[in-house]
Amino acid sequence: MEDKIKEAKAIIDNASSITVLTGAGISAESGIPTFRGEDGLWRKFRSEELATQEAFQRDPKLVWEWYDWRRGLVKEAMPNPGHYALVNLENEKTNFTLVTQNIDGLHQLTGNRNIIEMHGNLWQIRCTSCGVVEENHDVPLKEIHPKCKNCDALGRPNVVWFGEMIPMSIIDNIKCKNCDALGRPNVVWFGEMIPMPIIDNILIAIDKCQVMLIVGTSGIVEPAASMGLVAKHTGKTVIEVNLETTPNSSHYDISILGKSGEILPMLCSGV
Ligand code: APR
């Protein structure tokens, strides 16, 4: 492994233009569950009930409940050395693009700037009618109330604890400030298309780079899963950092198995 790390570091040090693709694995060491790993979200929850437009139309309360819970998880999470290593890399390179499938916002929080979010962002609410996107960092979605003014009984935090239903009054409040329609999480659900301008920008970033670094993604979900192959077929050098091999590992120039929080600092420490 050491030789692979040395080889990969030399390639990264000599490149002036790098495009990075990240997945849930880079946030695993920050305590955010991946999707398909041992404690992965899709082992506990049914994606078709929570992360599709049909699910949202069928039961927006259930979907919001789940995103409210995920926001609570992410709110507690801190970036890890893998995130910081990519900030270091961006500061070192003339040309750097970070394409992420993650909706947790940790790359922004860490300080990366040139970021393309393929699957949306957990901290944004999108209007289901006019499409206006609004930043919202309320966790949970409502305020605490000390004592019942009516009967003086002890009030409890007017928050939704995991496992509790979100009162409709809260769902009704997730409205577009522009046109008053129901808001939805600004994320890309299964069965939904990624907006073409985002795909265009990713393909431009792959075309411009000399090296593509792929970190913490199982390489199963398209179109992200094919981006490394696009880079290979257009003559780029592709380096993968992942806990386990992925379907395309054998096609990449170097595949390093291990934790991104441990390996990326070694690869991105600069000349
Ligand atoms: N360091 C490096 N890699 C890791 C680490 C770690 N600490 N922990 C886990 N991994 C690897 C796993 O081995 C796995 O291959 O990260 C990968 C995570 O894969 P998934 O859980 O499938 O996540 P991801 O590839 O990002 O999923 C893609 O699927 O569910 C949808 O929209 C969702 O963006 C997501 C997309």
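How do the residues of the shell around the ligand divide into nonpolar, polar and charged?

## The ligand and its shell

The shell divides into 7 nonpolar, 11 polar and 4 charged residues. Here Ala, Val, Leu, Ile, Met, Phe, Trp, Tyr, Cys and Pro count as nonpolar, Asp, Glu, Lys and Arg as charged, and the others, Gly among them, as polar. Before going further, please note that this is a predicted model, in which local features need pLDDT of at least 70 and side-chain atom pairs count only at pLDDT 80 or more, while totals for chains, interfaces and linings use all residues. Residues are numbered from 1 along each chain as its sequence is written, and side-chain values use heavy atoms, with hydrogens and water left out.

In all, 22 residues surround the ligand, each with a heavy atom within 4 Å of it. The closest are Glu29, Arg36, Thr217, Ser218 and Glu244.

## Polar contacts and burial

Let's turn to the polar contacts (pairs of N or O atoms within 3.5 Å). An N or O atom in the side chain of glutamate 244 is 2.5 Å from an oxygen atom of the ligand. For histidine 119, a side-chain N or O atom is 2.8 Å from a ligand oxygen. Phenylalanine 35 takes part through its backbone, where a polar atom is 2.8 Å from an oxygen of the ligand. Taken alone, the ligand exposes 740 Å², and the protein buries 93% of that; these accessible areas come from the Shrake-Rupley method with a 1.4 Å probe.

Helices (H or I, at least four residues) and strands (E, at least two) are DSSP runs, numbered from the N terminus. Two strands pair if DSSP finds at least two bridges between them.

Valine 211 stands opposite threonine 237 in β8.

## The antiparallel sheet

An open sheet of 3 strands has the order β5-β4-β6 and antiparallel pairing. β5 (133-135) and β6 (183-187) stand at the edges with a single partner strand each, so one side of each has no neighbour in the sheet. Its neighbouring strands are turned by 45° against each other on average, direction ignored.

Strand β4 (residues 120-127) pairs with β5 over 3 bridges, and glutamine 124 has glutamate 135 in β5 as its bridge partner.

## Two cis peptide bonds

Most peptide bonds are trans. A cis bond joins valine 139 and proline 140, with omega about -15°; proline 140 lies in the loop between β5 and α9 (168-171). Another cis bond, with omega about 5°, joins glutamate 222 and proline 223. Proline 223 sits in the loop between β7 (211-215) and α11 (224-233).

Key: Polar contact = N/O pair within 3.5 Å; in protein donor to acceptor, adjacent residues only side chain to side chain. Axes fitted to C-alpha atoms, helices over the stretch in contact; angles between N-to-C directions.
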